[in-house]
Amino acid sequence: MTHVSLKVNGREVSRDVEPRTLLVELLRRDLNLTGTHVGCDTSQCGCCVVHVDGVGTKSCTMLAVQADGKAITTIEGLAAVAEADGRAEDGLHPVQAAFRQHHGLQCGFCTPGMIMSAADLLSRNADPTEHEVREWLEGNLCRCTGYHNIVKAIMAAGATMRGAATPRAAE
Amino acid sequence: MTDKGIGARTLRKEDRRFITGKGRYVDDIRMQGQAYAVFVRSPHAHARIGAIGKDAVLGMPGVLGVFTGADVQADGLGSNVCGWNVVSKDGSGMNMAPYPLLCTDKARYVGDRVAMVVAETLDQARDAADALEVDYEPLPAVVDVAKAQDGPVIHDGIAGNLIYDWELGDKAATEAAFQKAAHVTRIELVNNRLAPNALEPRAALGHFDPGTEQHTLYVTSQNPHVHRLVMSAFIGIAPEHKLRVVAPDVGGGFGSKIFIYGEECLVLWASRKLDGVPVKWTADRTEAFLSDAHGRDHVSKAELAIDADGDFLALRVNTKANLGAYMSTFSSCVPTYLYATLLAGQYKTPAIYADVQAYYTNTSPVDAYRGAGRPEASFLIETIVGQAARELGRDPAELRRQNFIPKDAFPYQTPVALTYDTGDYAATLDRALDLSDYKGFEARKRESASRGKLRGIGLSCYIEACGIAPSAVVGSLGAGVGLWESGKVRFSHTGKVQVLTGTHSHGQGHETSFSQLIASKLGVPFEDVEVIHGDTEKTPVGMGTYGSRSLAVGGEAIARSCDKIVAKGRKIAAHLLEAAEADIEFKDGQFTVKGTDRAKSIGEVAFAAYVPHNYPEGVEPGLEEGAFFDPPNFTYPAGTYVCELEVDPDTGTTEILRFVAVDDFGNVVNPMIVEGQVHGGLMQGIGQALLEGAVYDQSGQLVSATYMDYAMPRAWDVPFFEVETGQGTPAQANSLGVKGCGEAGAIGAPAAVINALTDAIGVRVEMPATPEKVWHAIQATRHAQAAE
């Protein structure tokens, strides 16, 4: 067993874990943060994306011990980040709100990873083109939506976050 | 309140839990002291199983049990079953071989379940499963359906691996029509095998309570009551009244979670064997690829007889269908009653004959996957019609229009058993041609050519059948179950409403659509409605969600429950208002005495029903009504899809530039949700056409068993879709006039893409039309032209 200490959604957490424990296992099994999902075993689907020190990361591809000392934000903690920034609406991060507003989810399984990945994109590029959004989503699979409303939601969230009246038109 | 009712783009009430990470999927459920199951799967496509080294593993840390087929047999558990008996041409029933929960004598595909290991932790279970030694004697295998007949016998006593040899239609009339043909278009095609790939892998958590002898199974199911029925009546896990099946939030299904699989039966059985320790299993993605039922996998030959004017005279089809190593729950009806019955398409072709041979192979079982039979039919028809247009030098839109069933011909009896209720095929074609600027295509093609690109446009005028019914008819065709649906509407003292449905939502948004139904039918605020589904202990017995049936069948059961609520409420209101029942009108949630402003709200009526102090004589207290609805017919969504794409001849890469979809779904409850269903269906159809293939090598290894190997469609593979619905012809089989929208996209899209690709490069490429295949096809064409 190895001891890890990290900050998860603003709270200090310490656990003893087997060295082979993945970050996603620590989150889901030990911390009961089941919003982070596992949809594959080859780091392709992106259902498990969280933010590690603010950067989008596939939590199935990082050992829990590698997260020692880091600050993790999961889907459960995303709205609080927006609250702290004064950007939350109706208790939601703008990306969460946009996914609901634009029907960017159906079964909801890929959704937490999609939202976390999109929030990461918009923190780097507040005004992405449709092409940039589609390229960014290389690492996130969705089987329900055909990505149509996900792309729309992300572009709309970008517009909200930068205070634009209307999202960028489709190319 | 009606601004959120029928027809409104109401935002989904289920979304908040999903976008905040509060969904509750099977793997999220954790019971006190739960153990973990891991399955040991055959690495061989076909092998005799010898000794299994259980004893060495039983002593490993944390291991609670190791179970094999012999243990299952010793406990008297039955075989899994296929619930639809398809009868062959010669009158014999289908050859259904035993489908054991765990292998006994042989393993019959890579991934077949050989043993189950249960341990205290998942890591311990994995370690023990890895350590389990199994002696295999590998046997020759067959994976291609075209070779199945001459392959090794997979099930003892089933010669040629033939499951059935079935036919539909008038063979003599079809032969006679071919004699009169001025032109015959012939085609041979493959409908590629697909892996369903719901993003949530299958999972199950079984718990036996030794005190009450109650069995509870949390499972990724589209139809928890069907799970309960099969597990009780055929497999014998527990008597039906002692078995509770819960399907909580389920992360997509697309058909793959209809079926009853061994794993979910076994975890519940193991919990009983282990005296009540809850046992959980969650598939990893490779297990999902290996063991989820796949879709499609047909090889077909078809001929279309056409007269000198371009009228279709007859269609003749032979299809060989691969059903895999065992017959999954509804596998037999997919390449028969859900396929050949749709071969008329949108056309008035007077004579059609189809025969279908289904075979066992050493591959994962094949069953319904989004569309289930209808995509295969639609692809075949729309591909052969496209080829006919090219051979005849006809505009493909006009050849289709000439042969459409005219809109004044409904109800229309096809030569392949179905009666289409309504439709207006020219309307959806015209709208799609308009939206896609079909007339302007030649100019765009020239522009592409100026950049060295090959541009193509393709049409697909699909039809499908949803809400399979009525029960008596499907029963006469071999179905082992009824295909009705249940609904119940329950008011509380305070006027809030619970809707109970036998359908199940795994992405379709039933909590929203069914609440909209209640808002419109009963005038109750959308927010005051709770939709309950997915638990056999809460909802009335229901048949579940598949075949785009939930609204057309389940929604109608709810609508009829609402009618009963209003009928009873009228009696109560009449008493409260001291008026005659005949004088009470109900509208927007108010019972009003005709011609007056004297009224009682439905909330007041509900309160009176539960506190019946001033109450009509002879009326029961309470306000809760249910209905079972068995539709008189299918519904028939139809539409036209137009795909425009560009091929880079140097790389064989295909880029979809535009995709226009015009669908007739009859009346639409929530356009936002319906469009979303179409988007997802289109993506799966485009995926089938260009990207996806579940590929076995000749030894029976699945070589596309991870997301590194199986080309799942990604966001960059498509542009924004242009989708239009809502101009429809209302369905006749239900009072709502709704048809079903869940599968249309996947049914109609493949032919549109392949016709467009054929238009671009001049030859048809089998699906998936990967860049490599397209490049080779272009090269072959160029060589042929150079040689001329």
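This is a predicted model: local features need pLDDT of at least 70, side-chain atom pairs count only at pLDDT 80 or more; totals for chains, interfaces and linings use all residues.
1. Confidence. The predictor gives the complex an ipTM of 0.97 and a pTM of 0.97. For chain B, the mean pLDDT is 97. In that chain, 100% of residues reach 70 or more.

2. Interface between the chains. Chain A puts 44 residues in contact with 42 residues of chain B. On the chain A side, the elements giving two or more residues are helix 2 (75–85), helix 3 (94–101), helix 4 (111–124), helix 5 (130–136) and helix 6 (148–161). Helix 3 of chain A gives the most, with four residues. By class, the side of chain A that touches chain B has 20 nonpolar, 16 polar and eight charged residues.

3. Nonpolar core. The largest nonpolar core holds 314 residues. A37(B), V117(B), V118(B), L343(B) and I518(B) touch the most other members. Helix 18 (residues 744–761) of chain B supplies the largest share of this core, 12 residues.

4. A look at L343(B). Setting aside residues up to four places away in sequence, L343(B) touches L315(B), V317(B), I352(B), A354(B), A377(B), I381(B) and V416(B).

5. Domains of chain A. The assignment gives domain 1 (2–75) and domain 2 (77–161). Their C-alpha centres lie 20 Å apart. The contact takes 19 residues from domain 1 of chain A and 15 residues from domain 2 of chain A.

6. The domain 1 side of that contact. Strand 3 (49–52) and strand 4 (55–58) of chain A are the elements that give two or more residues. Strand 3 of chain A gives the most, with three residues. By class, this side has seven nonpolar, 12 polar and no charged residues.

Technical notes. Residues are numbered from 1 along each chain as its sequence is written. Chains are lettered from A and ligands numbered from 1 in the order in which they are written. Two residues are in contact if their C-beta atoms, placed from the backbone, lie within 7 Å. Ala, Val, Leu, Ile, Met, Phe, Trp, Tyr, Cys and Pro count as nonpolar, Asp, Glu, Lys and Arg as charged, and the others, Gly among them, as polar. pLDDT is the predictor's confidence in each residue, from 0 to 100. A nonpolar core is a set of buried Ala, Val, Leu, Ile, Met, Phe, Trp, Tyr and Cys residues joined through C-beta atoms within 7 Å. A residue is buried if 20 or more other C-beta atoms lie within 10 Å of its own, exposed if 12 or fewer, and partly exposed in between; C-beta atoms are placed from the backbone. Domain bounds come from an automatic or database domain assignment.
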